[in-house]
Amino acid sequence: MKAQIRYLAMSAGAPALVLMAVPADAWAMHIMEGFLPPLHALVWWLLFLPCLWLGLVRLRQIVSADSNQKVLLALCGAFIFVLSALKIPSVTGSCSHPTGAGLAVILFGPGVVAILGAIVLLFQALLLAHGGLTTLGANGMSMAVLGPVVGYLVWRLATRAGLRRDVAIFLCAALADLATYVVTSLQLGVAFPDPHSGVAGSVMKFMGIFCLTQVPVAIAEGLLTVLIYDQLSKRHLVQAPGVRG
């Protein structure tokens, strides 16, 4: 079992080495280094730090209960890293990308994603010029906290409503992705309000920039997450019900 998970983790991580060698555009969905006003960046960091602590507590609980979960956690981290590094140019001059958080949310709950997301964002900021250190708090809150929380709530509601497992997985991954972009739009809209329409108008403009490419990206991510989870389930590497809380 561990050998199978390790093979999958290496398969997911291999493209990351290629991505490190590819020059990265500084303007992407991750808010780039120095883009937010210092006070805004500080506030998002202060909000993100308690989430990291809670995620660390949850991570230690999972590993203490079953040390074999370390490799599956690594697989989820590699999945997030690779998908969130696949930047897709937008017709509006920005970039969109999947987040990859849905799989970890389903397997381990949203708390762990804060830690995995923070590690991914740190490596991307340092190695890919994707995001930044000062904006890591804001990017972490959108991609590693609030987006996954939305996905988790959708997953729980879908499973309690008796929806098919593949439908529930798709909705979890796709809506977690879209929620991340909604939060990013809110962050940018609050930081840079429109001179005429204010914060609301600015938020709508940023959402308009992202939605043209992000909706199909979210659909594709949902389908990919269904396929990955199905393969893990067929190999008896995960429990069929999924959520650990």
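1. Start with Phe192: at 33% relative accessibility it counts as partly exposed. Here buried means under 20% relative accessible area, exposed over 50%, and partly exposed in between, using a 1.4 Å probe and protein chains only. Keep in mind that this is a predicted model, where local features need pLDDT of at least 70, side-chain atom pairs count only at pLDDT 80 or more, and totals for chains, interfaces and linings use all residues. Residues are numbered from 1 along each chain as its sequence is written, and side-chain values use heavy atoms, with hydrogens and water left out.

2. A search of the whole structure turns up three aromatic pairs. Rings of Phe, Tyr and Trp (its six-membered ring) pair if their centres lie within 6.5 Å; planes under 30 degrees apart are stacked, over 60 edge-to-face, and the rest tilted. One of the pairs is Phe35 with Phe192, tilted, at 5.1 Å centre to centre and 55 degrees between the planes. Phe35 sits in the loop between helix 1 (2-20) and helix 2, and Phe192 in the loop between helix 7 and helix 8, so the pair ties together parts 157 residues apart in sequence. Helices are DSSP runs (H or I, at least four residues), numbered from the N terminus. Phe35 is partly exposed too, at 26% relative accessible area.

3. Tyr181 and Phe210 make an edge-to-face pair, 5.4 Å centre to centre with 70 degrees between the planes. Tyr181 is in helix 7 and Phe210 in helix 8, 29 residues apart. Tyr181 is buried, with a relative accessible area of 3%, and Phe210 is buried at 3% as well.

4. Now for helix 8 (residues 198-234). Just after the helix, His236 takes a positive phi of about 55 degrees.

5. What about the core? The largest nonpolar core has 55 residues, and those with the most contacts inside it are Leu36, Phe48, Leu107, Phe108 and Leu232. Such a core is a set of buried Ala, Val, Leu, Ile, Met, Phe, Trp, Tyr and Cys residues joined through side-chain atoms within 4.5 Å. Helix 6 gives the largest share, nine residues.

Notes. Helix = DSSP H or I, 4+ residues; strand = E, 2+ residues; numbered from the N terminus.
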